[in-house]
Amino acid sequence: MVIVDARGLSCPEPVVMTRKAMADKQAQYQVLVDNLASKENVTRYAQHQGYTVQTEEKGGEYTLTLTKS
């Protein structure tokens, strides 16, 4: 599983990093973000690419697990 650590970055950087990681067409990714806007934008992008998104929040940080549907 590819892990994208986008904590501390504001949009659009987390989405750009996720898009670049997805270029290798893996079945699953994990994206780490620390703000709500990034969580929502990465989730929206992943869903448009055909991935389902599971979100886990802990201490103000979000772990998004993207799985190809």
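**View 1. Tyr 29 and Tyr 51 form an edge-to-face aromatic pair.** Tyr 29 is buried, its relative accessible area being 1%; buried means under 20% relative accessible area, exposed over 50%, and partly exposed in between, with a 1.4 Å probe and protein chains only. Tyr 51 is likewise buried, at a relative accessible area of 7%. This is a predicted model, in which local features need pLDDT of at least 70 and side-chain atom pairs count only at pLDDT 80 or more, while totals for chains, interfaces and linings use all residues. Residues are numbered from 1 along each chain as its sequence is written, and side-chain values use heavy atoms, with hydrogens and water left out. The structure holds one aromatic pair. Because the ring centres of Tyr 29 and Tyr 51 are 5.8 Å apart and their planes stand at 65°, the pair is edge-to-face. Rings of Phe, Tyr and Trp (its six-membered ring) pair if their centres lie within 6.5 Å; planes under 30 degrees apart count as stacked, over 60 as edge-to-face and the rest as tilted. The pair links distant parts of the chain, with Tyr 29 in strand S2 and Tyr 51 in strand S3, 22 residues apart.

**View 2. Four strands make an open sheet in the order S1-S2-S4-S3.** The pairing in this sheet is mixed. Strands (E, at least two residues) and helices (H or I, at least four) are DSSP runs numbered from the N terminus, and two strands pair if DSSP finds at least two bridges between them. At the edges lie S1 (2-5) and S3 (51-58), each of which pairs on one side only. On average, neighbouring strands are turned by 20° against each other, direction ignored; axes are lines fitted to C-alpha atoms, for helices over the stretch in contact, and angles run from 0 to 180 degrees between N-to-C directions.

**View 3. S3 and S4 form a hairpin with two residues between the strands.** S3 pairs with S4 (residues 61-68) in the antiparallel sense over eight bridges. Glu 57 stands opposite Tyr 62 in S4, and Thr 55 stands opposite Leu 64 in S4. In the hairpin, Gly 59 takes a positive phi near 60°. Lys 39 lies over the face of Tyr 62, at 5.8 Å from the ring centre; a charge sits over a ring if NZ of Lys or CZ of Arg is within 6 Å of the ring centre and within 35 degrees of the ring normal.

**View 4. Helix H1 (residues 13-21) packs on the sheet.** H1 touches S1, S2 (28-33) and S4, and its direction makes about 160° with that of S1. The buried residues of H1 are Pro 14, Val 15, Thr 18 and Ala 21. Seen down the axis of H1, these residues fall within an arc of 125°, so they line one face of the helix; the arc is that of the directions from the helix axis to the C-beta atoms. They pack against S1, S2, helix H2 (36-48) and S4.

**View 5. Thr 65 is a buried residue of strand S4.** Its relative accessibility is 15%. Leaving aside neighbours within four places in sequence, Thr 65 is in contact (heavy atoms within 4.5 Å) with Gln 28, Tyr 29, Gln 30, Thr 52, Val 53 and Gln 54.
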